[in-house]
Amino acid sequence: MIRVVIFVAVFLFSVCTFARTWVVAKNSSVKSIKSAIELAAKGDTIRIMKGIYKEGNMVIQKSIVIIGIDYPVLDGENKYEIFTIAATDVSIIGLRMINTGVGSINDISAISAIEAKRLRVLNNQFENTFFGIHLANCIGSVVEDNVLHSNAEVEHQIGNGIHAWKCDSITIRNNKVSGHRDGIYFEFVTNSLVEKNFSHHNMRYGLHFMFSHNDEYRSNVFQNNGAGVAVMYTKKVKMISNRFEDNWGASSYGLLLKDIGDADIQLNHFAKNTVAVYMEGSSRCHFTQNVFSGNGWAVKMQANCDENVYSKNSFLSNTFDMATNGSLVLNTVDANYWDKYEGYDLDKDRVGDVPYHPVSLYSMVVEKMPSAVMLWRSFLVYMLDRTEKVLPSATPENLKDIHPAMRNYDYNF
Amino acid sequence: MMKIAKYVSYDILRNRFIALYTLFLLMVTFSMFSLDSDPGKATLSLLNIVLLVVPLVSIVFTTIHFYNSYEFIELLLAQPVSRKTIYFAEYFSISIALSTAYIIGVAIPMLFLNFSESSLYLIMAGLLLTFVFVALAFGASVATRDKAKAIGIALLFWFYFTLIYDGLILYVIYSFSDYPLDKVTLALVSLNPIDLARIIILLKLDLSALMGYTGAFYKNFFGSSLGVIYSVLFLFVWTLAPLLLAMRKFVRKDI
């Protein structure tokens, strides 16, 4: 019995001693991060003290934890990729990475992970990087509390902030991304969670994903991005409690949905976008309890969308509530609150007794002749819209809300 | 000039019409804000009033007043006063009377009920429209000796600028929709004071939509305060041009 106890004790002791900690500092025995990585064994921790480190590209091929103390600066000298990770269970914590190289063939990044399972990138700062965090075929990874910022002038000279390709079950939480091409970019990423991120002032999209099924986007803020948010070719997406704000421009959208199926879009706030939601070729998307306020167009739904449902949303002071490009309507719009609704409620059940037609004649006119928007709110246009309401001829007759709410739902996000 | 303006102003203020106009505007403003829970929507409804009623009242009242005080003007002309002085005194007293009515009827209640940037813009647009349409009315009044004819011309001005002109623009846009029309539309809109006033408000309320179709040119125009400055500047041109043209005619006219 005693032998067994001793054996276990010795074994545990030896295991504990295996995980060592290496300290990298100017005055310690290990002066470079590269040599620390070389010296470290699986499970070791490397602590990097404050300082500026210019070590070119560092390749990590073993499971180690790298922790920066007081944000040591890792400078890519505008030439190198900083970390290339090809191992499982690697953690990168508390570093400041600046000035990576720029490439038009290679996706040079501050952290590039290839087939890295359970990678954790926490609490880092990225300044002036080409790509910030680049994940390829990474499973179960977490990117949390990072701040990424770049100062590109044009779209083709900059990469994405957080770029994920062919990943599964990853979590992107609480990051701030600005000044990149796309803030967060997903391609073939499944079963993942994107939560509480703030993506703003990016050159192209705040969030961009394609072929990324079963993902969930919660409580993110997408603000003032060049072209808003665009999501394409994806099934079963959940978008809940996000804010889409201030996306202005001819081809800028709060949320662009192209070939999206079975999406749940709830409790989001779309404010002051040129087009809050633009839908093309999308099916079975459910928009419930969203607020659309102060947008140019709240919803532009092309006629090739089908079986989408808009219910219990609030439409407040948008220039145009809905626009479409055809007369065929295969979608349902029901029980929303429209601030332009002028019907009555005789039986006092808080549901309007006459249907509301959200597509106005003039929104169809502007769809065809964009310059005509200059005449909006003139007496002539007012009369045209009135006439159309009495005798609908050009607007799709079937696109109507049969149970419009009499009172604003007052969702408070 | 001040003396003449004083007497003309007394005359106008004794007229019940200005009081009625003030009361009407007051009632409309209050009812809009009490009927609508959303102050933004009330502002919109008031916009329609400002764009329709303010020009109409300004132009018709000025024309009628001009002819009613024709004898007074004749009397003044017999005195050693220059015609210019009389003319400008008339213009300023009428436009000040009308804009006072507007300020009491719309501006002050609005500042109390809904103080916002769009309210300020609406107030400014209404005031500028008053100046423009009083000037246009002087043009109509000077053009002919016949009161009925002058009122007809004034009404035609109003009708043309509120309705006909926009219809013509829409027709042009429709006919040439294959061509880039951004700058053309802007130029055409500048030829109508009511449209200019409307654009000032549009820039506040519907900026997100206006950004929808723009190229770089419009992004600068609408995105900065350039759009508002442009509109205000052109509204001043719209005040000065008819005012000075009518003055030329008034000075040379055989009354």
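Colleague: What percentage of the residues in chain A are buried?

Modeller: Bearing in mind that this is a predicted model, buried residues make up 44% of the 413 residues in chain A. The label is given to a residue that has 20 or more other C-beta atoms within 10 Å of its own. Chain A itself has 4 helices and 39 strands, and its C-alpha atoms fill a box of roughly 90 × 55 × 30 Å along the principal axes.

Colleague: Why is Lys236(A) called partly exposed?

Modeller: The label partly exposed covers counts between the two cut-offs, 12 or fewer for exposed and 20 or more for buried. Lys236(A) has 17 other C-beta atoms within 10 Å, and is therefore partly exposed. Lys236(A) is placed in the loop between β25 and β26 of chain A, and its phi is near 50°, a positive value in a residue other than glycine.

Colleague: How do you know whether Gln289(A) is buried, exposed or partly exposed?

Modeller: The count for Gln289(A) is 18 other C-beta atoms within 10 Å, so Gln289(A) is partly exposed. Its place is the loop between β32 and β33 of chain A, and although Gln289(A) is not a glycine, its phi is positive, at about 55°.

Colleague: Turning to chain B, why are α2(B) and α5(B) called roughly parallel?

Modeller: These two helices, residues 16-35 and residues 83-113 of chain B, pack at an angle of about 20°, with their axes 9 Å apart. Angles under 35 degrees count as roughly parallel, and α2(B) and α5(B) are therefore described in that way. α2(B) passes α5(B) in a right-handed crossing. Residues that make the contact include Tyr21(B), Leu25(B) and Phe33(B) of α2(B), together with Ala101(B), Val106(B) and Met110(B) of α5(B). By class, this contact has 14 nonpolar, 3 polar and no charged residues.

Colleague: And what makes α7(B) and α8(B) roughly antiparallel?

Modeller: Here the packing angle is about 165°, and the axes are 11 Å apart. Since an angle over 145 degrees counts as roughly antiparallel, that is the term for α7(B) and α8(B). Their crossing is right-handed. In this contact Ile169(B), Val172(B) and Ile173(B) of α7(B) meet Thr185(B), Leu188(B) and Val189(B) of α8(B), and these residues divide into 5 nonpolar, 1 polar and no charged.

Colleague: How do you know that the length of α9(B) agrees with its 13 residues?

Modeller: At 1.5 Å a residue, the 13 residues of α9(B) should span 18 Å, and the end C-alpha atoms are 19 Å apart, which agrees. What makes the helix mostly covered is that 12 of its 13 residues are buried, among them Pro193(B), Asp195(B), Arg198(B) and Leu205(B).

Colleague: Which helix gives the most to the side of chain B that touches chain A?

Modeller: The contact between the chains involves 31 residues of chain B and 29 residues of chain A. Helices that each supply at least two residues of the chain B side include α3, α8 and α9 of chain B, while α7(B) gives the most, with 8 residues. By class, this side of chain B has 15 nonpolar, 9 polar and 7 charged residues.

Definitions and conventions: Residues are numbered from 1 along each chain as its sequence is written. Chains are lettered from A and ligands numbered from 1 in the order in which they are written. This is a predicted model: local features need pLDDT of at least 70, side-chain atom pairs count only at pLDDT 80 or more; totals for chains, interfaces and linings use all residues. Two residues are in contact if their C-beta atoms, placed from the backbone, lie within 7 Å. Ala, Val, Leu, Ile, Met, Phe, Trp, Tyr, Cys and Pro count as nonpolar, Asp, Glu, Lys and Arg as charged, and the others, Gly among them, as polar. The expected span of a helix is 1.5 Å times one less than its number of residues. Axes are lines fitted to C-alpha atoms, for helices over the stretch in contact, and angles run from 0 to 180 degrees between N-to-C directions. Angles under 35 degrees count as roughly parallel, over 145 as roughly antiparallel, 65 to 115 as roughly perpendicular and the rest as oblique. A crossing is left-handed if the near helix is turned anticlockwise from the far one by less than a right angle, and right-handed if clockwise.
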